[in-house]
Each structure stands twice: as C-alpha cells, then as structure tokens.
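I opened this notebook page to look up the aromatic rings and their surroundings. The entries follow the order in which I checked them.

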Amino acid sequence: MGDVLAGNHATWEFDTDSLLIRFERGIRTPRLFQSLRERRVPYAALSSVALSPGKRGTVVLHAVPRPGADPLLEAAAGQLKEGCDPYRLALPADREALAEYYADELRSVLAPDASRPAERFMVAAPEAPMQFKAYDGRAGFDGSRVSFRWSWTGASSAKWKAGDQTFPVAELSGVEWRSPDAVEGYLRLVPRGASPEADGPAPVPGQGCPDAASRRVQADQDPAAVLFGLGYGPVHESLPFAAAVLESVRRTQPAPLVPAPAPVGAPLRDPAAVAERMRHLGELHRAGLVTDDEYSAKKAELLAEL
C-alpha cells in the first residue's frame, strides 16, 4: 500500500507485505509502547481487522493477530489492558472514513488461512540482552540464558538456600507471566519435562498462567520464578522480557513432525471418493456380482481408507 496513518501514540506504515507500527515517545504514551518502539507485523500474521467507536471522540482501528503469531501476546495470555494493546490505533472520530478505508485495505491482504492459529511466531520478539528488577531479585536474559540474582531484602529463605539461578533456554519448555497489575504477579520459567504432579496444573506456554494459589510450589518459594510488586517487574519491562525468552524457547524446541507424503500409487483417502466406491460396491453386491464374503472384505478395506 505504501501509505502512512498517524493516530494517538502510534503511526502505522503500510508496506507491500507488512505493517510497520512505530510508537511515539511522550509522557502520555503507554510505557509498554515506548519500550517496544516499533513492531513489524507481516500481513500473514493477522487474522482480522475491526473498526469500532473509541473513547472521547475517537474511533479505533484494531488489527487482530492470529493466535500463536506474536510472542508478546502469547506471553501476555490475555492480561494486557485495552490501552496497552499494541494492535489498536486510536484516531479522531472525524477520520472514521479514512480508517474504514485502511481497514478494508488490510482485510484485502489477509492470508487465506488467516482464521487458523499460526504454526510459528511471525512477529519478532524484543531483542536481548535485557533485564529488570523484581521484588525478590534481578532477572537477566542474554539471548541464550536466563539468570536470577536474589535480593537479600526480598528473597525467601528457600531461594537463598537454592542460590542464584541460571537457566539455558534449551532446558526450558515455556514461560508463565502473571501481570504485576494482578495480585501475586510473577514470571516463572517452566523446565523442559516438568512434572505436573510436582508443581500443580500442567503449564501451557504462552497460553495462560495457572493461579499461584493452586500450585504446590508458590512463586515466592520457587527458584525458577521471580515475584513482582509495587514498582517491581512493571509490564513494560517484564512482559517484553517474557516474550523474548518465550521466542527463544520455541526456537530451540524440535520442529513438529510433518506427515510424510503418500507414495505414488497409494489409494486416495478422499471421503467422497470412498463413499462413491462403497455405493458402487453395494450395487454389485445387490446384482449378485460379488459374494457376501467378498462384499464384507472389500467394504472393510474401504472403511479403513477413511
């Protein structure tokens, strides 16, 4: 498209194959946006586009990413407040016609499989190295390892006993982020092969955080977790951190198995074709051209192809 659309706190630039979101730097701009600076989103990473009335005389253009396409939203697991959604662009209400034009333009370039979850991350995660100060220690990430350095003023005796921790991303299966805006916020690393029986409900990386109260190992006692608190682990620091770690973890995991293509000459498994062959077989059987045994055997072979 090659156009630019400026709104509150951000500018959207429409390139040939992607949307470049540039965030403003100002005292009214959410700190998460300032931390992200800019994001390039391939059109193939979007699932839908919506335009709706906003607050205080605005309209909101909302580009919705496909599930699994953006590590930031996967780590957030639905906990981001509406005002901190990087895919929402607020515009003055008198620019609604222009916003509708760009909404239609975006819809026209959505991928054929836009409604399906993405098989991999398609939006880049924030870059390492990065660090933030938690309530009970300092978390750092250099791109390949996560480190926790405990604070003598906040860390529990269990964490002091375990000592400072270092976790290679190759030994992790996921990250859990519970927003510091919620009670008992934390960032927890999930070791590869962690047993659900040993630590409460089985975690789903990037898709929600089990309640800390439901876990046998509380975050303040877990050496694989750091706690948030008032002024510790704010969203604009801890969420990009969690997204960067999650992206690295996914990148080191084995690629999913892809079914081997059917060999040349293998029978087709099209249900409609199988149904037609079964209908023809029934006609032959009723005409007396195949025996009962032959009919039963061939019918079982056709059913096995479904």
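I began with Phe 132, which is buried at a relative accessible area of 1% (buried means under 20% relative accessible area, exposed over 50%, partly exposed in between, with a 1.4 Å probe and protein chains only). Phe 241 is buried as well, at 0%.

I note that this is a predicted model, in which local features need pLDDT of at least 70 and side-chain atom pairs count only at pLDDT 80 or more, while totals for chains, interfaces and linings use all residues. Residues are numbered from 1 along each chain as its sequence is written, and side-chain values use heavy atoms, with hydrogens and water left out.

I then applied the pairing rule: rings of Phe, Tyr and Trp (its six-membered ring) pair if their centres lie within 6.5 Å, and planes under 30 degrees apart count as stacked, over 60 as edge-to-face and the rest as tilted. The count by this rule is 10 aromatic pairs. For Trp 12 and Phe 14 I found ring centres 6.5 Å apart and planes at 70 degrees, so this pair is edge-to-face. Trp 12 is buried at a relative accessible area of 0%, and Phe 14 is buried at 1%.

Returning to Phe 132 and Phe 241, I found an edge-to-face pair with 5.0 Å from centre to centre and 90 degrees between the planes. Phe 132 belongs to strand 8 (residues 130–133) and Phe 241 to helix 5 (residues 235–252), so the pair ties together parts 109 residues apart in sequence; helices (H or I, at least four residues) and strands (E, at least two) are DSSP runs, numbered from the N terminus.

Last, I recorded that Trp 12, Phe 14, Tyr 101 and Tyr 102 form one aromatic cluster.
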